[in-house]
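This report examines selected features of a protein structure.

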Amino acid sequence: MEDKKLVLLDLWPSAFAMRVRIALAEKGIKYESKEEDLFDKSPLLLEMNPVHKKVPVLIHDGKSICESLIILEYIDEVWHDKSPPLLPSDPYQRSQARFWADYVDKKIFGIGRKVWAGKGEDQEAAKKELIEILKTMEGELGDKHFFGGERIGFVDVALVTSTSWFYTFETLGNFSIEAECPKLIAWSKRCLEKESVAKSLPHPHKIYEAALWLKQKFGIE
Amino acid sequence: MSNLGEVVLLECWASPFCMRVKIALAEKGVEYEARTEDLYGGKSDLLLTSNPIYKKVPVLLHNGKPLCESTVIVAYIDETWSSPPLLPASAYGRAQAKFWADFIDKKVFDAGYKIWICKGEVPETAKKDFIEILKQLEGALGEKDFFGGDSFGFLDIILIPLTSWFYSIEKFGGFEVKEECPKFSAWMNRCMQRENVVNALPDPKKVYEFVVRFRKMQGIE
């Protein structure tokens, strides 16, 4: 399996791309990372993801897999013999993991954007909603170490990457996520103790600089 | 094939998302109790406790344990009752099926909604966007009889229920899918030869009456 060429079309601040980096690191799989410029998309990206033209894209033996959660499932299936699986084996537990990862996708990114790029009443409403969403995730975590139980799993990988953006949300939104969701922050710190997570997430201050640059580029004040 | 316990589906007749689950259960020969939610009344206590996050149908209860989100439910049905398989056998085939299911979920219903909710004339862009989405799906279908290949499968199940709303979209949009996308229309006809599909889908004219009534209630007529 590892003989076949594996390429990740990547973007360092993308919380979606980070998920794939973690999964590949967890499984100890070697791959080539190609950094994309979203303002100058490569011909390879346009060819491999013609429908959405977005990253991440995993190219395995010339065939492309798109959408980060779908890529995670693919990695889990192809390299099922490597390391503990991301998804549980029981169908009901799997359905719950998929449900919560989908919840993260539906809720966090849209609201997160309104927090760091928004202002006034829109931003205030977005901050409130973000906290509610994170509290809901805390409820789902309960007393477990990780969403996956004793070790990180599908939902942990889906959610932890957004935490690299928390410093940006807090600074531009002028609020503290830790004050409202201490359990979730404690969970994120546990995740960061894992090498696969620590080396896949950029430093939050670097994300903040990238966000400031994006605001300037898009003329958001 | 054993039923493997008690199966209850919280549903409503007009929801294409519920139709997906009905088709999947029928394909697997699973007997279930359908409990219909009142579209115009309040939501049942069972629905509110089983799906506290979204409070929506479909909800599948298997031995009392709730499952929400139609794509998650259909995948669960495939994994729990193995025959006949709905998803492709290969990891890559499954990734492709899930990619297009995600595309369908992100695009099709909303594009149709933008047409049938219009007050007055439907903008050309709305019609163009809808047709373009169907053409992209035609591309994914290619020369195959079904999205699953020779046999009807996961992706066909995800998509065919949405077509029960096409009559309404065509009436308000002033176009016909069979003129604009003949390949797509041919695929629809092949699906409608299947008893499990016919049994799960309502008469499109009944959906149209529902849409007309919905528009009146929103003050659009």
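Which residues do ring pairs link into a cluster? The cluster consists of Trp13(B), Phe17(B), Phe109(B), Tyr113(B), Trp116(B), Trp165(B), Phe210(B) and Phe214(B). The model is a predicted one.

**Aromatic pairs**

Over all chains, the structure holds 31 aromatic pairs. Two of them are set out below.

| Pair | Distance between ring centres | Angle between planes | Class |
|---|---|---|---|
| Phe39(A) and Trp213(A) | 5.9 Å | 70° | edge-to-face |
| Phe17(B) and Phe109(B) | 6.0 Å | 55° | tilted |

The pair of Phe17(B) and Phe109(B) links distant parts of the chain, 92 residues apart. Phe17(B) belongs to helix H1 (residues 16-27) of chain B, and Phe109(B) to helix H4 (residues 91-116) of chain B. Phe17(B) is partly exposed, with a relative accessibility of 27%, and Phe109(B) is partly exposed at 25%.

Why is the pair of Phe39(A) and Trp213(A) edge-to-face? The planes of the two rings stand at 70°, and an angle over 60 degrees counts as edge-to-face. Here too the pair links distant parts of the chain: Phe39(A) is in the loop between strand E2 (32-35) and helix H2 (43-48) of chain A, whereas Trp213(A) is in helix H11 (residues 204-217) of chain A, 174 residues apart. Phe39(A) is partly exposed, at 42% relative accessibility, as is Trp213(A), at 45%.

**Charges over rings**

Phe39(A) also has a charged neighbour: Lys217(A) lies over the face of its ring, 4.5 Å from the ring centre. In a second case, Lys63(A) of chain A lies over the face of Tyr92(B) of chain B, at 4.6 Å from the ring centre.

**The strands of chain A**

Is strand E3 (residues 57-60) of chain A covered on one face or on both? Both faces are covered, with Val57(A) and Ile59(A) buried on one side and Leu58(A) and His60(A) buried on the other. E3(A) runs antiparallel to strand E1 (residues 6-10) of chain A, to which four bridges join it; within this pairing, Leu9(A) stands opposite Val57(A). E3(A) also pairs in the antiparallel sense with strand E4 (residues 63-66) of chain A, again over four bridges. The bridge partner of Ile59(A) in E4(A) is Ser64(A). Two residues lie between the strands in the hairpin of E3(A) and E4(A), where Asp61(A) takes a positive phi near 55°.

**An annotated span**

An unreviewed UniProt entry annotates residues 90-218 of chain A as "domain: GST C-terminal". In the model, this span is 75% helix and 0% strand, and its end C-alpha atoms lie 46 Å apart.

Key. Residues numbered from 1 in each chain as written. Chains lettered and ligands numbered in written order. Predicted model: local features only at pLDDT ≥ 70, side-chain atom pairs only at ≥ 80, totals over all residues. Heavy atoms only, no water. UniProt positions renumbered as here; feature names shortened; annotations may be inferred. Buried < 20%, exposed > 50% of the residue type's maximum accessible area, 1.4 Å probe, protein only. Pairing = 2+ DSSP bridges. Phe/Tyr/Trp six-rings, centres within 6.5 Å; stacked < 30°, edge-to-face > 60°. Lys NZ or Arg CZ within 6 Å of the ring centre and 35° of its normal.
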